[in-house]
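Colleague: Before I plan anything, I want to know what stands behind each label in this model. Please show it to me first.

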Amino acid sequence: MSDDYRPPLADYFDQMEAKYGDGFTFDRLSDEELVTMEQLGRDAIDRDPRVTWQEKKNLGSLITLIEMQRQKRGLKKPQ
């Protein structure tokens with residue numbers, strides 16, 4: 001990824017950190033926020049050619065954590 005490019009997921013993650021501050025956890029996200037974060041993460045991995053292979057690999061861990069939280073809440077996988 002070029003030095004000045006930020007995928008939408010990065011900006012959304014920053015928004016959530018700003019909203020929740022030091023208390024940011026996936027448990028505190030609303031269902032809608034959690035699903036949005038998962039969709040943006042999957043878009044970065046599956047569709048964004050400016051995200052490098054290594055970054056996509058690293059994002060896999062984020063998706064795993066989000067999936068665990070989604071399953072804990074009984075939410076369906078986003079389309």
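Modeller: Start with burial. Buried means under 20% relative accessible area, exposed means over 50%, and partly exposed lies in between, using a 1.4 Å probe and protein chains only. This is a predicted model: local features need pLDDT of at least 70, side-chain atom pairs count only at pLDDT 80 or more, and totals for chains, interfaces and linings use all residues. Residues are numbered from 1 along each chain as its sequence is written, and side-chain values use heavy atoms, with hydrogens and water left out.

Colleague: Why is Arg 70 called buried?

Modeller: Its relative accessibility is 5%. The cut-off is under 20%, so Arg 70 counts as buried.

Colleague: What makes Glu 38 and Arg 70 a salt bridge?

Modeller: A salt bridge needs a side-chain nitrogen of Lys or Arg within 4 Å of a carboxyl oxygen of Asp or Glu. For Glu 38 and Arg 70 the N to O distance is 2.8 Å, so the pair qualifies. Glu 38 lies in helix α2 and Arg 70 in helix α3, so the pair ties together parts that are 32 residues apart in sequence. Glu 38 is buried too, with a relative accessible area of 0%.

Colleague: What puts the buried residues of α1 on the same side?

Modeller: The buried ones are Leu 9, Tyr 12, Met 16 and Tyr 20. They cover an arc of only 65 degrees around the axis, which puts them on the same side of α1. The arc is taken from the directions from the helix axis to the C-beta atoms. An α-helix has 3.6 residues a turn, so residues three or four places apart point the same way. The cover over the buried residues of α1 includes α2 (31–46) and α3 (53–73).

Colleague: What links Lys 19 to Glu 33?

Modeller: A salt bridge, with the closest N and O atoms 2.5 Å apart. Lys 19 sits in helix α1 and Glu 33 in helix α2, 14 residues apart. Lys 19 is exposed at 53% relative accessible area, whereas Glu 33 is buried at 8%.

Colleague: Which residues have the most contacts inside the largest nonpolar core?

Modeller: Met 16, Phe 26, Leu 29 and Met 37, in a core of 16 residues. Helices α1, α2 and α3 each supply at least two residues of this core. A nonpolar core is a set of buried Ala, Val, Leu, Ile, Met, Phe, Trp, Tyr and Cys residues joined through side-chain atoms within 4.5 Å.

Colleague: What does Tyr 5 touch, beyond residues up to four places away in sequence?

Modeller: Asp 48, Arg 50 and Val 51. Contact means heavy atoms within 4.5 Å. Tyr 5 is found in the segment before α1. Tyr 5 has a relative accessible area of 14%, so it is buried.

Terms used:
Helices (H or I, at least four residues) and strands (E, at least two) are DSSP runs, numbered from the N terminus.
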